[in-house]
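Please open the model in your viewer, and keep the sequence panel beside it.

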Amino acid sequence: DALDETRLEQAFEATWALRESRPRHIRMAIVNLLPRLASAAPHALALRWLPRLASYLIASLHNAHEAQRGAALVALGRTALALGGAAFSEHLSQVLKACHEALPPSPLHPKSGHGAKVELPFGKSNKEGGKAVLEALECIGCLAQAHGAMMEPLLAPFLTHLFHAGLSSTLASTLHSLAQHV
């Protein structure tokens, strides 16, 4: 109803005003709260917020502290899930690129010499190069749920990289989303 929409709009604007707060924990809370507001809001209201929300989260992927980058990946995936694939499609390529960059490189690492294997520990939360691996996996799972079969041709560069961080419950959840929705 109109009262709920007004309150959600006020909550979004109050949250939005705090996005550049100096304390990192507040910025992290904002990144986590924005997709929740979008999922609670009526679709038309959330669509009005999407350009600002997506721009801010995508900028956080490049400009923020490592933990906020990971949170931004998850938030982008959850925003896509909240709004649906069609509404989020113009941001999909940027988000997929960020996910791909966050995943670990091939086990045949060129810097380790002539195809030498780089061992990745079983089940470790591998943050190769300070990148948010588990968060990227979660984002890919959300994107698969939001975009469905449309994701199939876009996932080819990811499939082998998904396993390079080792086995984890996040990987299992992502693979389940891919199998179920793509």
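In which helix do F12 and W16 both lie, and how many residues apart are they? Both residues lie in helix 1, four residues apart, which is about one turn of the helix; helices here are DSSP runs (H or I, at least four residues), numbered from the N terminus. Before you select them, note that this is a predicted model, in which local features need pLDDT of at least 70 and side-chain atom pairs count only at pLDDT 80 or more, while totals for chains, interfaces and linings use all residues. Residues are numbered from 1 along each chain as its sequence is written, and side-chain values use heavy atoms, with hydrogens and water left out.

**Stop one: the rings**

Select F12 and W16, and show their side chains. The ring centres of F12 and W16 are 5.8 Å apart and their planes meet at 15 degrees, so this pair counts as stacked. The rule takes rings of Phe, Tyr and Trp (its six-membered ring) as paired if their centres lie within 6.5 Å, and it calls planes under 30 degrees apart stacked, those over 60 edge-to-face and the rest tilted.

Because W16 lies in helix 1 and Y56 in helix 3, the pair ties together parts that are 40 residues apart in sequence. W16 has a relative accessibility of 11% and counts as buried, and Y56, at 9%, is buried as well; buried means under 20% relative accessible area, exposed over 50%, and partly exposed in between (1.4 Å probe, protein chains only). If you also select W49, you will have the cluster that ring pairs form from F12, W16, W49 and Y56.

**Stop two: charges**

Keep W16 in view and select R52, whose charged end sits over the ring of W16, 5.2 Å from its centre. For this feature, NZ of Lys or CZ of Arg must be within 6 Å of the ring centre and within 35 degrees of the ring normal.

A salt bridge is a side-chain nitrogen of Lys or Arg within 4 Å of a carboxyl oxygen of Asp or Glu.

The structure holds five salt bridges, and another of them joins E138 to R78, with the closest N and O atoms 2.8 Å apart. Here E138 belongs to helix 7 (residues 133–147) and R78 to helix 4 (residues 66–83), 60 residues apart.

**Last stop: confidence**

Finally, colour the chain by pLDDT, the predictor's confidence in each residue, from 0 to 100. The mean for the chain is 83, and 84% of its residues reach 70 or more. Over residues 111–130, however, the pLDDT is below 50.

Terms used:
Contact means heavy atoms within 4.5 Å. Helices (H or I, at least four residues) and strands (E, at least two) are DSSP runs, numbered from the N terminus.
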